[in-house]
Amino acid sequence: MKILYVCHRFPFPPKRGGKIRPFNMIRHLSQNHQVTVCSLARSEAEAEEGRGIAPHCERFEMGVVSNPIQMLRMVARLPTMEPSSMGYFYSPDLAAKVNALLASEQFDLIFVHCSSVAQYVSHVRDIPKILDFGDMDSQKWLEYVNYKPFPLKAGYWLEGSKMEREEKRLARLFNLCTATTRAEWETLESYSTGVSSDWFPNGVDADFFKPDGEGYDSDTISFIGRMDYYPNQEAMFRFCEQIWPLLRAKRPEMKLLIVGADPIPAVIKLGELPGVTVTGSVPDVRPYILRSAAMVAPLNIARGTQNKILEAMAMGVPVVSSSIAAGGVDAQGEEHFLVADTPMQYADAILRLVEQPAERERLSRAGRERMLSHHAWPRSMERLDGIIERCLTEFRGNKETSQ
């Protein structure tokens with residue numbers, strides 16, 4: 001088949017959540033199909049890096065945008081019914097390239113990852129189309145309302161409400177829609193669009209993220225995630241304020257590593273707390289996780305799958321997660337990882353891992369085995385293949401019925 005694949009972030013190199021899922025889909029589909037990738041790059045440097053995708057697809061088209069212009073496109077949509085997110089991910093150059101491809105070639109399938117770029121192909125009617133929402137973005141903006149002060153609260157409510165309306169509208173323009181987790185799929189189903197839907201999980205590269213056989217520091221725990229991302233910031237502010245003092249009271253030598261790119265000044269300031277280190281960007285997160293007794297994921301705002309949890313568990317490092325973040329992982333609390341929500345629950349779970357080597361070892365083995373059995377990319381891609389075949393079959397059936 002000839003597949004047109006459109007995604008919101010250029011999917012190479014696959015170093016962050018928004019790139020990992022599409023890259024693995026593209027690499028898998030390219031084994032048996034001709035895949036043309038169309039996406040955005042937000043700088044010339046990102047564009048240059050992105051060209052490394054060439055061996056993994058038939059070809060690619062790129063729209064290079066600048067953040068100041070994209071911000072203006074967001075602002076221009078504020079007085080309209082269209083979500084500002086659509087402006088942030090719109091490029092006239094990319095739109096022209098997509099339209100040129102559609103005019104000059106006959107594609108057998110259009111696959112879109114992320115609703116904010118569905119706008120590039122929403123008008124197409126004669127080609128079967130799949131929209132992979134991944135996460136339902138509207139629900140994340142609506143969740144921000146609970147954490148942001150006024151007037152930001154009102155802004156996020158407006159964007160979330162507009163985005164939810166747009167998600168419902170876009171879903172009806174595609175032949176099949178998908179999500180990353182069962183919980184996200186249930187949200188999609190609650191929209192009652194009448195369009196077929198399904199879900200397939202994120203995977204983890206368990207050959208890259210694996211135990212190295214070396215020891216760990218029983219007094220070190222870690223948090224991994226981009227620190228220009230509000231849910232990660234909120235998680236660490238709250239953790240350092242409410243949970244870290246409880247841990248240091250029990251183990252004064254305990255250390256917390258906050259590892260992630262682009263920390264804002266308020267996050268950098270957390271490094272002034274006793275035992276806390278804020279690393280900023282690092283070339284490889286694996287050594288930081290592998291030397292930790294545990295990795296924490298105390299997220300209050302979490303949609304879909306947190307790849308950081310999958311990666312830590314694949315490396316055999318036990319995870320203590322919030323219940324909301326745990327919902328995106330196909331694993332069982334207590335059996336494969338630990339789940340907490342209150343400060344005392346977090347402190348008890350973390351101390352259990354740092355003070356009981358046998359318990360840590362049990363969860364280390366169980367977590368990695370679960371990743372191998374339930375979050376391997378080949379398993380997820382098998383589900384994707386079935387979803388694509390379902391879409392094509394339904395499209396052909398509907399076409400024959402209408403003739």
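**Reading a predicted fold through its parallel sheet**

Q: What percentage of the 403 residues in the protein is buried?
A: A residue counts as buried when its relative accessible area is under 20%, exposed when this is over 50%, and partly exposed in between, with a 1.4 Å probe and protein chains only. This is a predicted model, in which local features need pLDDT of at least 70 and side-chain atom pairs count only at pLDDT 80 or more, while totals for chains, interfaces and linings use all residues. Residues are numbered from 1 along each chain as its sequence is written, and side-chain values use heavy atoms, with hydrogens and water left out. In the protein, the buried share of the 403 residues is 54%.

Q: How many helices and strands does the protein have?
A: Both are DSSP runs numbered from the N terminus, where helices (H or I) have at least four residues and strands (E) at least two. Counted in this way, the secondary structure comes to 16 helices and 13 strands.

Q: What is the radius of gyration of the protein?
A: The radius is taken over C-alpha atoms, and the globule rule for comparison is 2.2 Å times the number of residues to the power 0.38. For 403 residues this rule gives 22 Å, and the value for the protein is close to it, so the protein is as compact as a globular protein of that length. The radius of gyration itself is 22 Å.

Q: Which residue in strand 9 is the bridge partner of Ile-221?
A: Strand 8 (residues 217-224) runs parallel to strand 9 (residues 255-259), and 5 bridges join the two. The partner of Ile-221 in strand 9 is Leu-256.

Q: Which residue in strand 12 does Ala-297 stand opposite?
A: Strand 11 is joined to strand 8 by 3 bridges, and Ser-222 stands opposite Met-295 in strand 11. Another 3 bridges join strand 11 to strand 12 (residues 319-322), and these two run parallel. In strand 12, the residue opposite Ala-297 is Ser-321.

Definitions and conventions. Two strands pair if DSSP finds at least two bridges between them.
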